[in-house]
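Reader: Could you walk me through how to read this one? I'd like the sheets and the ligand site.

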Amino acid sequence: MTKKVTVLGSTGSIGTQSLDVIRAQEYSVFGLAAHSNVELLLRQVQEFHPHCIAVVDDAAADRAARELHGMPGAPVLLRGKEGLEELAAMDGSDIVLNAVVGIAGLAATLSAIKSGRDVALANKESLVTGGSLVTDAVRENNVKLLPVDSEHSAIFQCLQDEYSAKSLQKILLTASGGPFFGRTRQELQNVTKDDALRHPNWSMGSKITIDSATLMNKGLELIEAVWLFGLPAEQVQVVVQRQSIIHSMVQFSDNSILAQLGVPDMRIPIQYALTGLAPCAANGANEEAVRLFLEGRIPFLKIGELVEGVVDSEAFGGPYTLDDVYACDAAARAYVLAHVS
Ligand code: NAD
Ligand code: MG
């Protein structure tokens, strides 16, 4: 029987590449979801014939409803955030690939896991903002959480052998350094949106591309690695590998390193607070700041300042619920907006 896949965020960079893989593997598509790019979503519907689609934006969902009206074999149309979660949980798909960008992906990740579905996770923000909620749900529902982020996929592959996983000493998380590698703070004062969107190695969505330019992406990935592989942050070391050819490395207790090349001589220490909800606040502030930068409303260096400001300004700690995560995210965004105008 062919594998049935649901792709959330199917119109994005990871989403469209996932459909390339699905096409090549001749898997079938159970569900597709997007925010507002109805034109592309409907082209995907015509090619892959999903059972169900979800459109998050209201006006876009209206447009999709009009276009689907009377179409033979039209998929079921779900709407809004609730529709995204409903699709993620729906019986009939073998695996949910979450390629939504931002915290908007968290609820769908939880929904898929809680309904017993395996999840292929590109949406790193799910783990950054909701870490223990996600890993607890994975354990309780006995499902697989498969990393899609290239570094984490490389680490995951290195750790398939049970002996290796037990003797893991350190993760070497590689970073390309992004488009501004080697520049001074002074030289970054006036970088433009176009400069920051020009990544040397990867073609990605605009949000993660800006995160690569600020290096926030590596901070998010460090937290992602901590949750995925259960190591303390001190045992995850970021190393620059300008060509992005080594996707990551693992070091074992006998000091051997599973990778083809040696350790690069430059490393960027991205230390990050890992208690409570600080990663969630930083994530919310970062999403809002990147949006403002892309709209030309703040300079490049302001992104880092705002994220730092949010983390310094809040007290985080203790166990948390999904409502706490959203409240923290909203507070962080409000902080950014209050410090911009
Ligand atoms: P993108 O901007 O290209 O695509 C985002 C997708 O999410 C689109 O399909 C969009 O419709 C959907 N979306 C946006 N807002 C939404 C919302 N509120 N609700 C539901 N859907 C929404 O982004 P991308 O570059 O494909 O990144 C997707 C995720 O994968 C991110 O978490 C990113 O960090 C991660 N990732 C991306 C790459 C890459 O090469 N692009 C690599 C590693 C990890
Ligand atoms: Mg990555």
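**Sheets and ligand site**

Author: Let's begin with a pair: strand S8 (residues 168-175) and strand S10 (residues 249-252) run antiparallel and share 4 bridges. Strands here are DSSP runs of E, at least two residues, numbered from the N terminus, and two of them pair if DSSP finds at least two bridges between them. Within this pair, Leu172 sits opposite Met249 in S10. Before we go on, this is a predicted model, so to speak: local features need pLDDT of at least 70, side-chain atom pairs count only at pLDDT 80 or more, and totals for chains, interfaces and linings use all residues. Residues are numbered from 1 along each chain as its sequence is written, chains are lettered from A and ligands numbered from 1 in the order written, and side-chain values use heavy atoms, with hydrogens and water left out.

Reader: Which strand order does the sheet with S8 and S10 have?

Author: The order is S9-S8-S10-S11, an open sheet of 4 strands with mixed pairing. Strand S9 (236-240) and strand S11 (257-258) are at the edges with a single partner strand each, so one side of each has no neighbour in the sheet.

Reader: How many strands form the parallel sheet, and in what order?

Author: There are 7 strands, ordered S4-S3-S2-S1-S5-S6-S7, in an open sheet. Its edge strands are S4 (76-79) and S7 (145-147), each pairing on one side only. For a pair inside it, take S5 (residues 95-98) and S6 (residues 118-121), parallel over 4 bridges; Val96 stands opposite Val119 in S6.

Reader: Now the ligand. How many residues surround ligand 1?

Author: A shell residue has a heavy atom within 4 Å of the molecule. Here 22 residues surround ligand 1, with Thr11, Ser13, Ile14, His35 and Glu125 the closest.

Reader: Where does ligand 1 lie relative to the domains?

Author: Domain 1 (4-148) and domain 2 (153-266), with bounds from an automatic or database assignment, both give residues to the shell, so ligand 1 lies between them.
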